Amino acid sequence: MKVLVAGAGLAGLHAAWLLRRSGHEVTVCEARDRVGGRVWSERLPNGVCVERGGEFIFPSERVVLGLCARLGLPVIPHGLSFFRRNDPEGRAPTVEHLTGVLERLGRVMERTAGEPVSVAEAFEAALGPAYEEDPVFLRTATSTAADPGAVSAAAELGPEVAGRSSYIDHTYHVAGGNQQLATSLAADLDVRPECPVGAVDQTAGSVQLTLRDGSRLVADAAVVAVPFPLLLELDRGFSWPPAIERALGTLVMGTAVKASVPLVAGATPRGVQAQQRWWAWNSLAASNEQSAAAVTAFASTAPDVVRAQRDPWPARVQRLRPDLEVTGEAVVTDWEQEVWTGGAYTVPGVAWRPGDELAFNAPVGRVVLAGEHTSATYGTMEGALRTGKRAAKLVVACFG
Ligand SMILES: Cc1cc2nc3c(=O)[nH]c(=O)nc-3n(C[C@H](O)[C@H](O)[C@H](O)COP(=O)(O)OP(=O)(O)OC[C@H]3O[C@@H](n4cnc5c(N)ncnc54)[C@H](O)[C@@H]3O)c2cc1C
């Protein structure tokens, strides 16, 4: 069977890799000149590898960890707490504080089950008017990368409140860069870089992708794994079923800026959360003693606010992290400006309902959708990989 894949991020590459391994002829069309999409690793001038996009892998994320093992990619710990970040004075929320906040959120969510409640509304109901200063809210609002007033509390807080992730302090990353996941998957695949897809259409027996240069590719099935904003821009000769329209209609594309700055030397690994919805961390080096000589900041404040900052990133990070000595320029990635992504990652809006993602469990004619926005674990590498696996299974089951 001939299969076309649009998008060489983790979702598209995982689908392509699995289909190729089961003997199908696969061509991947990628708009950028590199694979990996939002997983993009880079070496700073001092040699330290940093992540411009997807960075933290959680111990519960079995698909990504399993794939690393299968591809022979060692993962190393960050050595800092993702969930219980220090404040600028060095205080970290206690487990008791975290548990107390989650219990109160849990009661609010029980009371409002089935209602369109936002993250901000749930925190306000649980903690009162000063909720914005609470470290659990600050961390959630930062990492959600979207307006907490527009994000579904059930989707965003549900798993943590249910106790599935609240005590995970340890996170991992691939030694030498997460992007190796993408380059390893792509190694034996027919990936065509700088080939943006402009349109997708189909007949009863075949599917056609039209590239933006006007050329056409025809196959038995297609996996469309481009980011949510780009999916909305694709020309289509057919409509989505109502369940997919609904699921896509509830999503919000978050925005984020990441900046990595070299350090004079490694230090104690730590993550520090600022009041203004950004945080900065220095992760444990592979040597397992001090951190690597780099600090990375993630800001999800409205990008125009971040762009209007007069202080360059090294000065901002230095002020938040007096325990570190920064040196040199920052490598900055403003994800809203990345034309082939159009934001950071999706978050379910308040209209989201549990099970919305099940809409993607069936092909639309000969087209299967994949990508983090079609997953139950939105905005993660794990989610993207899971949807790639689901897409490969669907293609084989329905057209193989
Ligand atoms: C700042 C930031 C921080 C993050 N932090 C984490 C984290 O700590 N942990 C975590 O698990 N996840 C994190 N993520 C999310 C994670 O990186 C993504 O969920 C995941 O990589 C998405 O994979 P994907 O394949 O769905 O999409 P993408 O990686 O975006 O891949 C889609 C591909 O499609 C290509 N494309 C776009 N349009 C077209 C077109 N018309 N034709 C052909 N190709 C096209 C793109 O160039 C891209 O290569 C982060 C993301 C960002 C941006």
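Colleague: How many nonpolar, polar and charged residues does the lining of the second largest pocket have?
Modeller: This is a predicted model, in which local features need pLDDT of at least 70 and side-chain atom pairs count only at pLDDT 80 or more, while totals for chains, interfaces and linings use all residues. Residues are numbered from 1 along each chain as its sequence is written, and side-chain values use heavy atoms, with hydrogens and water left out. Ala, Val, Leu, Ile, Met, Phe, Trp, Tyr, Cys and Pro count as nonpolar, Asp, Glu, Lys and Arg as charged, and the others, Gly among them, as polar. By these classes the lining has twelve nonpolar, seven polar and three charged residues.

Colleague: Which strand gives the most to that lining?
Modeller: Strands here are DSSP E runs of at least two residues, and helices are H or I runs of at least four, both numbered from the N terminus. Strand 4 (49-51), strand 6 (172-174), strand 16 (278-282) and strand 17 (294-299) each supply at least two residues. The top contribution is three residues, and it comes from strand 4.

Colleague: How far does a polar side-chain atom of Glu-30 lie from an oxygen atom of the ligand?
Modeller: Glu-30 is among the residues that come nearest to the ligand, out of 35 around it; a residue is near if one of its heavy atoms lies within 4 Å. For Arg-32, a polar side-chain atom lies 2.9 Å from a ligand oxygen atom. For Glu-30, the distance is 2.5 Å.

Colleague: Which elements give two or more residues to the shell around the ligand?
Modeller: The shell divides into 20 nonpolar, nine polar and six charged residues. The elements asked for are helix 1 (10-21) and helix 12 (381-399).

Terms used: A polar contact is a pair of N or O atoms within 3.5 Å; within protein, one must be able to donate a hydrogen and the other to accept it, and residues adjacent in sequence count only if both atoms are side-chain atoms.
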